[in-house]
Amino acid sequence: MAGYKPVAIQTYPILGEKITQDTLYWNNYKTPVQIKEFGAVSKVDFSPQPPYNYAVTASSRIHIYGRYSQEPIKTFSRFKDTAYCATFRQDGRLLVAGSEDGGVQLFDISGRAPLRQFEGHTKAVHTVDFTADKYHVVSGADDYTVKLWDIPNSKEILTFKEHSDYVRCGCASKLNPDLFITGSYDHTVKMFDARTSESVLSVEHGQPVESVLLFPSGGLLVSAGGRYVKVWDMLKGGQLLVSLKNHHKTVTCLCLSSSGQRLLSGSLDRKVKVYSTTSYKVVHSFDYAASILSLALAHEDETIVVGMTNGILSVKHRKSEAKKESLPRRRRPAYRTFIKGKNYMKQRDDILINRPAKKHLELYDRDLKHFRISKALDRVLDTPEITVSIIKELNRRGVLANALAGRDEKEISHVLNFLIRNLSQPRFAPVLINAAEIIIDIYLPVIGQSPVVDKKFLLLQGLVEKEIDYQRELLETLGMMDMLFATMRRKEGTSVLEHTSDGFPENKKIES
Amino acid sequence: MAAGGGGSCDPLAPAGVPCAFSPHSQAYFALASTDGHLRVWETANNRLHQEYVPSAHLSGTCTCLAWAPARLQAKESPQRKKRKSEAVGMSNQTDLLALGTAVGSILLYSTVKGELHSKLISGGHDNRVNCIQWHQDSGCLYSCSDDKHIVEWNVQTCKVKCKWKGDNSSVSSLCISPDGKMLLSAGRTIKLWVLETKEVYRHFTGHATPVSSLMFTTIRPPNESQPFDGITGLYFLSGAVHDRLLNVWQVRSENKEKSAVMSFTVTDEPVYIDLTLSENKEEPVKLAVVCRDGQVHLFEHILNGYCKKPLTSNCTIQIATPGKGKKSTPKPIPILAAGFCSDKMSLLLVYGSWFQPTIERVALNSREPHMCLVRDISNCWAPKVETAITKVRTPVMNSEAKVLVPGIPGHHAAIKPAPPQTEQVESKRKSGGNEVSIEERLGAMDIDTHKKGKEDLQTNSFPVLLTQGLESNDFEMLNKVLQTRNVNLIKKTVLRMPLHTIIPLLQELTKRLQGHPNSAVLMVQWLKCVLTVHASYLSTLPDLVPQLGTLYQLMESRVKTFQKLSHLHGKLILLITQVTASEKTKGATSPGQKAKLVYEEESSEEESDDEIADKDSEDNWDEDEEESESEKDEDVEEEDEDAEGKDEENGEDRDTASEKELNGDSDLDPENESEEE
C-alpha cells in the first residue's frame, strides 16, 4: 500500500522588504548611546590605532572618548572660538584642529597645551589633515586659501590660492605624501601636488562641496555637496563615474566602511545611507533624530558615531556575537553510526532488502494521516500559508465541513480570528472565503447563543464589507486604466485606420 | 532730597531704572526706562508731562539722571536754607535734567522747552557714565564713569573744566558735600576729594561690591562745641549692589578710622534711597529705602557716634492688589521709588510698572511697624500709547516689495499670499509684506483657522513632503502624506506634484495597495486622483503598459474574488440581522409573544428525519473511523517507536470519541460538552 503523501505547502513570494546580508549586518548594532555636547558636533574622527578612541569636535572644545566611555577621557579646550575638524595622525599620537579665529593647533594626545600653532590664515579654518608622511599638515580656510605646513619647524611651506570661495573640506592621500584634495564652496574639488605650485586636477561638482573622500587606493574620489554624492575616477583624469541623489537635503559627511565595500553618507535630512561601492545602490538606511553633520566608523565597523546639529552625539556599538556559542550543544551521535553498514558489498547470492527510509512527517501531517482533521487544522492556525494548504487538502478530501464542525465557543472563535486576520489577503482569499461560507452554513442554527462568537461574526462582516468597498473602488480604477490603455492602443490603431481609410475610398470608387 | 538722582543708577542691576524726583516740591518725577524713553510725570495728578526719545536711545541707553538745582545762577551764592524758603516761588524754574548714557555722553534736557538743551561730549568719558551730580551753586556738573575718571563740566560752555583719574577701577557713585567744597567718590574705596585742589582728603574702606548710592545725611556736625570747618564730623551714607546693609560713615579729623560707624539693614538690595537732612542735633534723620523686592523701609535715627548693631527699620511699607473673589490671592505691587515731601511728614510713592507708574502721596504714621496699602492698579496696567506725545516714526514699507515663500519651483502660481496662520512661525515667515495689526491677526485666528487657513498651509507642504519622501524613500514621510483621508487635499497635492515624480508615486502606491483594505482604500483614492489628474501625461508615456502592468495585474487578481465575497457578505448580513433580531426579542419580552393560534400536527416525521440525518452523519463518520483504524493497524507494524504510537493511539481514541459525539449532535451545546468532558 502506498505510504502517506504529505500535504504540499504552497509557497508564496515574501512580501515587504527583502532581508539582505546588508540589512542583517547594519541592523546588528545595539541601541545608541546618546551623549550631549556643548554645540553642534561638526566632526568625529577615530584614531587609526588601538584602542580606537575618537575625537569629537563641538563648539570650542575637542573631547576624546574611549570605546565604551560615555565621559570624555580627555578634553582640549584651549580655543578662543569654535574649533573645527580635529583629526588624528596615522599613528594616533598627534591631533590637529582648526579654529574660527584662523589658527591651526597641533596637540599631543597626552599633553594639554598645543605643541604647535600655525598662524597664517586670516579666517576660520574648517579643514585640516596630516599628509601621508606624517610631518606636514594641510589646512583650508574661509580666506579661500589652502596652506601646507611643516610640523618640525612649524612653518608655512606652500599656499594655494586657486579656490574662489570658502574651502570647507579636504583630505590627504594615504599613499602619496605630496597629494591632497580640497573641496570648496566654489563648486570645485581640486587636487594639489606639493611638488608643483598649482593644482593638478580640478573637477566641477555643481554644488558647494561639503565633504570629500579618497578611496584607500587613491583611484576614486567621492565628493558630497548639495543633494548629490558624486564619484570621480582620478586615474581617468577626473571622469564622473556615478552621481547619487538619494537624500532630499544637503549631504554633509561621507565615510567608508572599514572593508571599503560600503560608502556611507550623512545628510541634513537626518538619514545615513549606505551604498554598495560595486553597484552604487542604497543597501541600507539609518534614521536619526536631528540633522547630521558628522559621521565616523570605527575599525572593523565596531562603532558608528554620528554627530548632529542639536549637539547630540549618537554612538552605536556592534552587538557581540560570543553569546551564541555559550549555549550548551546537544550531543549528537558520531558520524560512524550513520555510515554503519552503508558500505556493505553484496555477495553473489545475497538479496539485499533495504529498510524503507523513514519519512519524517510534520505534526499536522501525522494528524492528517490519522484523520484527526480538526486537530490538524487547529494546530496550524498560526501560520496562514500552511493553514490554507491544509484547508485546500481537506476540501479536496471533502471533509472540510467535518473539520470545521463540532467546535465549542473557544475553538470556533479561534478559527474566526484566523479568518478575520487573513481573509483580506488576496493570495488566501479564494480558499478562505469558501471556508467562511462553510462555517456560516454549519453554525447558522446556533447563532446568537454566544456573544463572543457573534462579535467575531460582526467583525468578519465589517471586514468583508470594507473589502467589497475596496474592490469596487479597484474595479472603477481598473476601468480608468483600461481607458488609458485603450487610448494608447487607439493611437496605434488610428494611425493604421487612417492608412486604410486613405486607401479605401479609392477602392470603393473603383468598385462602384 | 533732590540727591536721589544718582541713587538708583546701579551698574549691575538691570531692575534699577534711573529715576528722580525734581528738587523741592517734587512736582515732577523723571524716569528713563529701559526702552530708552525719558518720561516726566507730574506727581500731583499722576499724568505724563513729557516724553522724549533720545536719537541714540537704543545704542546709548540712559544709565543715570539728575535734576539741576532750582536756579542756575552763578552770581547768587545762597545758603541751602535760604533756597528752601524760596522754593515755592522758584519751583517753575526747575528746568534742566542731565542724562548719562551707556556710551559716555551726557545729555542736558530742558523740560521747559521739551527738547534737548545741549550735549556734553567732547573730552568727556569714553565709557558708561555711572553717576551725575550737580554742584549746588557753581553751575558745575560732576560725572563719573567706567573709564575710571571723574569729570567736572562747565554747563554754560559745555566744556570740560577738569578731568582726573578717580580710582583704579570704575567710579560708580558721587556726592557733593553740603558746603560744596568736597566731593565723595566711590570706586573700589570711597574717597573724599577737595574740589579746589582735586586732592584726596580722606579714604574709607567702602563696600565689596560697587557702591550704588552715596549721600550726606547731616549738614552740621552733631558736636557743636568745636568750630565747624565745613566737613569734619559730618555723616554720610552708602549703599551697594547686592548688599543688604547701608553703611554710615563719619568724616573725622584724624585720618585713622576708616570703617563704618553704623549700618542699617534692609530686606533686599537698595534700589532707591531718599532722606531728610537733619539740621541740628535733636532732629532725627529720616531715611526711606526702596528695595529690589518692592518694599520701602523707613528709618528714623539720631546719628550720634558709633553703633555696633545694624539697625532695623522702624516701618515697612508694602503695596498689594486686592484679592478678587475668594480664590485669587493678593499680589504684591513693586514700589519703584519713594521721596519725602518737603514737610517731611509724608512720602511720595511711585509704584506699578515702569511704563505706567502710579504716584501717590502717603502720610507717614510711624506708629505702625508695618503698612500694607491695598491698591487696584489693574486699569493702569494696560499700556496706553498717546500718539500726541510720542515722536516715534514707523518705517514706511514699500508696497511693491515681494515676499518669497518656500515652495516647489514651477508651482509658484498656485501659492496664494498666505492668510494669517494659526502657527506663530508660519505667520512670521509669510506675512511680512503688509503689516497686519495684532487685532486683525487675532480676529483672523478665530475665523480663518476653521475655514481655509489650515488647508492652504498643508497643501503647500504636502507636495514638497511627498516629493522628498519619494526621492529618499522615507517611510515616515510618505506615511504622513499618504494617510490623509481628505479627498480635497489629495486632489490638490496630486495637482501640484512635479511630473517626474508621478511614476515613482505610482510605484509606491502599487506597493501599498496590497495591504489591509483599511489602508488600501486610501491608496486607491490617491491612485484615482493621479489617474484623473495626470491622464494626459500618462497617456503620452510610450512605456505605459509595462510601467503600470504590475499594478494592473495586482488589482485584477484582487478583484477576482469580488463575486464570492459578495456572496459571503450576503450570508453574513443575514446572519448578523438574525443575531440583532434575536437580541431585540431577548430584550423586549413583550406579553404579546404568544401565538394566537397554535396549529399542531404529528411531529413524528420530522423527528424521524432528524434521526436519519444524525444517523447519516454518524455512518459517515464510522466509515472514516473504520478506514482510519484499518490504516492504523497497518501503520502500527511499520512504526518503530511503539510507545509513541500508543500514545497517539490513545489520544486519538479519545478525540474520535468526543468528535463522534459532537458531530452526532447537530445543535451543539457548549454546556453539555463541558459536562461530558
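## A salt bridge between the chains

In this predicted model, the side chain of R558(B) meets that of E467(A) in a salt bridge, with a nitrogen-to-oxygen distance of 3.0 Å. This pair belongs to a contact between chain B and chain A for which the count of salt bridges is 5. Polar contacts have also been counted across the two chains, and they amount to 15 residue pairs in which both residues have a pLDDT of 80 or more.

## The contact between chain B and chain A

On the side of chain B that touches chain A, the elements that give two or more residues are α4 (438-472), α5 (475-482), α8 (517-533), α9 (535-540), α10 (544-559), α11 (562-587), α12 (604-638) and α13 (642-664), which are elements of chain B. The largest share of this side comes from α11(B), which supplies 15 residues. Sorted by class, the side of chain B that touches chain A has 29 nonpolar, 16 polar and 24 charged residues.

Counted by residues, the contact takes 69 from chain B and 68 from chain A. The size of an interface is often given as the accessible area lost when the parts come together. For chain B and chain A this buried area is about 6,500 Å², with 65% of it on carbon and sulfur atoms.

## A sheet of 3 strands in chain B

Chain B holds an open sheet of 3 strands in the order β26-β27-β28, and the pairing within this sheet is antiparallel. The edge strands are β26 (335-340) and β28 (357-363) of chain B, each of which pairs on one side only. Direction ignored, neighbouring strands of this sheet are turned by 20 degrees against each other on average.

Strands of a sheet pair through backbone hydrogen bonds, either parallel or antiparallel. Between β26(B) and β27(B), the latter covering residues 346-352, there are 5 bridges, and these two strands run antiparallel. Within this pairing, A338(B) has L349(B) in β27(B) as its bridge partner.

In chain A, strand β14 (residues 167-172) and strand β15 (residues 179-184) are paired in the antiparallel sense over 5 bridges.

Note on methods. Residues are numbered from 1 along each chain as its sequence is written. Chains are lettered from A and ligands numbered from 1 in the order in which they are written. This is a predicted model: local features need pLDDT of at least 70, side-chain atom pairs count only at pLDDT 80 or more; totals for chains, interfaces and linings use all residues. Side-chain values use heavy atoms; hydrogens and water are left out. Two strands pair if DSSP finds at least two bridges between them. Helices (H or I, at least four residues) and strands (E, at least two) are DSSP runs, numbered from the N terminus. Axes are lines fitted to C-alpha atoms, for helices over the stretch in contact, and angles run from 0 to 180 degrees between N-to-C directions. Contact means heavy atoms within 4.5 Å. Buried area is the accessible area (1.4 Å probe) that two parts lose on being put together, summed over both. A salt bridge is a side-chain nitrogen of Lys or Arg within 4 Å of a carboxyl oxygen of Asp or Glu. A polar contact is a pair of N or O atoms within 3.5 Å; within protein, one must be able to donate a hydrogen and the other to accept it, and residues adjacent in sequence count only if both atoms are side-chain atoms. Ala, Val, Leu, Ile, Met, Phe, Trp, Tyr, Cys and Pro count as nonpolar, Asp, Glu, Lys and Arg as charged, and the others, Gly among them, as polar.
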